[in-house]
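Me: I am new to this one and would like to know what stands behind the labels. Could you go through them with me?

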Amino acid sequence: MRDMPTTPNKVGRVTRRSVLLGIAALGLGGCATTTERALVAQARASVPPPPPPPMYYARPEERFPIPEVDVSQIDPVFWRTEVDYPTDEPVGSVIVDTPNRYLYHTQPDGRATRYGVGVGRDGFEWSGRGHIAYKREWPRWNPPDEMVARQPELEPVSIANGGMDPGLHNPLGSRALYIHQGNRDTIYRIHGTIETATIGKPVSSGCIRMLNQDVIHLADNVRDGSTIVVIPDPITAAQYA
């Protein structure tokens with residue numbers, strides 16, 4: 001009988017790629033062991049995060065240097081971009097589309113700059129029509145008395161105690177835009193945050209959160225006195241017109 005060939009053929013050859021594909025398939029299957037799932041998770045974790053676009057690079061020139069945005073923590077649909085956005089609101093208006101987690105700064109010719117935002121969680125949403133009364137760079141945070149009543153641990157930074165100093169960990173971040181209705185401060189703000197993963201989510205006590213790089217861009221381009229419309233649902237937008 002003729003001996004079988006000792007050189008492996010294509011059927012018998014095991015490649016690194018086939019092993020990796022096999023591990024991935026096991027990770028997706030319902031019968032994968034804990035070890036196999038751990039191997040898949042380890043392989044995924046070893047993939048470096050994507051680099052940010054230039055608009056989300058670090059801002060070392062700021063009073064408190066702002067780190068680069070970890071864009072792996074935010075869905076690209078919430079990155080700053082220019083879009084078509086026809087509206088009856090005046091050019092330069094700020095429109096917050098709460099359910100879709102977007103803020104639009106309207107531009108000429110039916111265009112707008114669109115930013116991803118974090119919005120108020122259930123029970124803390126604010127909607128209505130007002131104006132941007134003024135803006136502040138690296139503002140102090142003065143939690144309102146009702147917030148301190150809910151969270152007594154905030155007493156050291158209450159209004160009576162002078163608030164919280166500016167800085168990266170100040171909840172208002174690098175910029176704050178103050179929302180008024182007539183001469184009344186609504187106590188709601190558009191402000192920056194370093195908590196990248198909260199963009200696109202209902203997380204705040206009613207304020208509108210933006211990436212620090214984005215709120216700087218907005219503050220540099222929006223004028224004091226500009227209209228702001230915060231809508232809870234596109235269908236109900238007409239009630240604020």
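Me: What makes Arg 189 count as buried?

Reply: Happy to start there! Buried means under 20% relative accessible area, exposed over 50%, and partly exposed in between, using a 1.4 Å probe and protein chains only. Arg 189 has 14% relative accessibility, so the buried label applies. Please keep in mind that this is a predicted model, where local features need pLDDT of at least 70, side-chain atom pairs count only at pLDDT 80 or more, and totals for chains, interfaces and linings use all residues. Residues are numbered from 1 along each chain as its sequence is written, and side-chain values use heavy atoms, with hydrogens and water left out.

Me: Why is Asp 185 called partly exposed?

Reply: Its relative accessibility is 28%, so Asp 185 falls in the partly exposed class. Asp 185 and Arg 189 also meet through their side chains in a salt bridge, at 2.6 Å from N to O.

Me: What makes Arg 59 and Glu 62 a salt bridge?

Reply: Their closest N and O atoms are 4.0 Å apart. Arg 59 is partly exposed at 24% relative accessible area, while Glu 62 is buried at 11%. Both belong to a network of salt bridges that also links Glu 61 and Arg 175.

Me: What does the salt bridge between Asp 214 and Arg 80 tie together?

Reply: In this pair the closest N and O atoms are 3.0 Å apart. Asp 214 lies in helix α4 (residues 212-221) and Arg 80 in the loop between α2 (34-45) and β1 (81-84), so the pair ties together parts that are 134 residues apart in sequence. Both Asp 214 and Arg 80 are buried.

Me: How are the helices and strands defined?

Reply: They are DSSP runs numbered from the N terminus: helices are H or I with at least four residues, and strands are E with at least two. By that count the protein has four helices and 11 strands.

Me: Why is it said that β8 and β10 pair?

Reply: Two strands pair if DSSP finds at least two bridges between them. Strand β8 (residues 184-193) and β10 have four bridges in the parallel sense, so they pair. Gly 192 stands opposite Met 210 in β10.

Me: Which way do the side chains of β10 point?

Reply: In a regular strand the side chains alternate between the two faces of the sheet. From β10 (residues 208-211), Ile 208 and Met 210 point one way, Arg 209 and Leu 211 the other way, and all are buried.

Me: What is His 180 in contact with?

Reply: Contact means heavy atoms within 4.5 Å. Leaving aside neighbours within four places in sequence, the partners of His 180 are Gly 130, His 131, Ala 133, Tyr 134, Asp 185 and Thr 186. His 180 lies in strand β7 (residues 175-181) and is buried, with a relative accessible area of 12%.

Me: How much of the protein is buried?

Reply: Buried residues make up 40% of its 241 residues. Among contacts with a separation of 6 or more, residues 24 or more positions apart account for 61%.
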